[in-house]
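Have the sequence and the 3D view ready, and follow along as we go.

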Amino acid sequence: RNNLPAVRQYLETFAILIYLKFPTLAEAQLVPIFHDHGMRQQALSSYVFIAANVILHSGELVVQRNHLNQLLPPIISFLTSHHHSLRSFTQLLVHTVFSKLWHILQLESSENPSIERRCFQDLKKYLAENTDCARLRVSIEGFLDVFDPDISGTPPGIFTARIESSGFECVPVSVLERVNNFLNDVREELRHSMIKDSATIKNEGLAVSKHEEGTEEKIVASQDFQKKIIPHRDSEQAASSNGAVMGNNDISRLLFEMEEDDDTFNLAVESRKEAAETVRQSRQDLIVVASLVERIPNLAGLTRTCEIFRAGGLAVGDMGVVQDKQFRLISVTAEKWVPMVEVPAESVRAFLQRKRAEGYTVVGLEQTANSVALDEFVFPAKTVVVLGREKEGIPVDIIQEAVDVCVEIPQLGVVRSLNVHVSAAIAIWDYTRQQRSRSSSSSR
């Protein structure tokens, strides 16, 4: 469930190829999955993608019709899903199936079509002509174009058919260090090889020249060279040598360019290290536990809020949520900068108890009989804020066994409940305000 996009795409490709080779497996395995109404919405997106490609790329007409009859009806129901990504992805796939295989459905053969036929005809027309659906297809249609039954299973298809792109700012420092070490090792070997070749060629040229002049002086090339060469000095020596041969200047210039590349890369790595350390040191001792929050817009908004106020960490129930397209649109890359950890809902109590042992005060954002008003509460420097589910709030057992104090936001309106992200944002800001005030007072 937590696979990276590239790994998940590889698994999807493998499944599609297996189902195309063994068609009976598709119905036996996919249909029960589609009828499992407890299946995770994010996982269903992958299964819908697999089923649609199995339908579209089936080689025999009989098999393709059978897949249409068995796999398309349960997929249609996901058009009503509350999960944005699943609903949008299903719209794209259903529209594609209708556009390419409408003739196989044979829904226009009757002058008085049944209600089912009219439903399919209107659905096809709506998906094709609705402005919002068309705009949505343009933004995600690359997902479907990734799979090609003839190429996707080959090494070039596996390693190049990637629609996600990651910028430099997203690369972890550890990866950059490994790349840097690899490049240094390779370039050191290349430098030694080039210097030895250059010296050998130069000495051979000197030997030939002296032999022609009647001298018998022997030139022995040294095999020991300075590990860290200086391109400018080497180029000057090569230029001043009477025995310099064609290509010596080119070698020195190449070595100089390699040195410049090394320096630039090292500066980039060091700069990122310094930036990451600065961000880490400036974070507050505030941890927000959102493992019970389920809706993606709320989680994305929380991630963005935590990053803005430099929270020390954010716990979520499933780290796979950061790969969701809707999450990324709302979080605007905040997940790349705020420390996040996966704490499943069933592990929240143990996590909170561990944090209490580390000296944190666990504050539940909940309305209870003994809750303290937010404007009257003083946040300790080391605080864990626990958020409840969107409707049910924080479970009683967690409040009684793992929470030190409950805090509520005073409300004056008729509707006595704030959105969980809004509530968290208010509490996070109040914590930040108090810490800033203490810092200002201590610096006077």
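Predicted model: local features only at pLDDT ≥ 70, side-chain atom pairs only at ≥ 80, totals over all residues.

## Ground rules

Residues are numbered from 1 along each chain as its sequence is written, and side-chain values use heavy atoms, with hydrogens and water left out.

## The big picture

The protein has 17 helices and seven strands. Those labels come from DSSP runs: helices are H or I with at least four residues, strands are E with at least two, and both are numbered from the N terminus. Of the 444 residues, 39% count as buried. Buried means under 20% relative accessible area, exposed means over 50%, and partly exposed is in between (1.4 Å probe, protein chains only).

The protein exposes about 25,600 Å², and carbon and sulfur atoms supply 53% of that. The areas come from the Shrake-Rupley method with a 1.4 Å probe; for residues, only the protein chains shown count as cover. Now for contacts, meaning heavy atoms within 4.5 Å. Among contacts between residues at least 6 apart in sequence, 77% join residues at least 24 apart.

## The sheet

In what order do the strands of the open sheet line up? Reading across, you get β3-β2-β1-β6-β4-β7-β5, with parallel pairing. β3 (340-342) and β5 (372-373) stand at the edges with a single partner strand each, so one side of each has no neighbour in the sheet. Two strands pair here if DSSP finds at least two bridges between them. In general, strands of a sheet pair through backbone hydrogen bonds, either parallel or antiparallel.

Zoom in on strand β4 (residues 361-365), where four of the five residues are buried. β4 pairs with β6 (residues 383-386) in the parallel sense over four bridges, while three bridges join β4 to β7 (residues 405-408), also parallel. Val-363 has a bridge partner in each of these strands: Val-385 in β6 and Val-405 in β7. Gly-364 has Val-386 as its bridge partner in β6.

## Helices on the sheet

Helix α13 (residues 296-308) lies across β1 (286-290), β2 (313-316) and β3, running at about 165° to β2. Helix α15 (residues 348-357) packs on the sheet too, touching β1, β4 and β6, and its direction makes about 170° with that of β1. Axes are lines fitted to C-alpha atoms, for helices over the stretch in contact, and angles run from 0 to 180 degrees between N-to-C directions.

## A helix pair

The axes of α3 (residues 41-57) and α4 (residues 61-76) come within 9 Å and cross at roughly 155°.

Is Asn-69 buried or exposed? Asn-69, found in α4, is exposed because its relative accessible area is 56%.

Gln-435 is found in helix α17 (residues 420-443). Gln-435 counts as buried because its relative accessibility is 16%. Leaving out residues up to four places away in sequence, Gln-435 touches Gln-284, Phe-379, Pro-380 and Ala-381.
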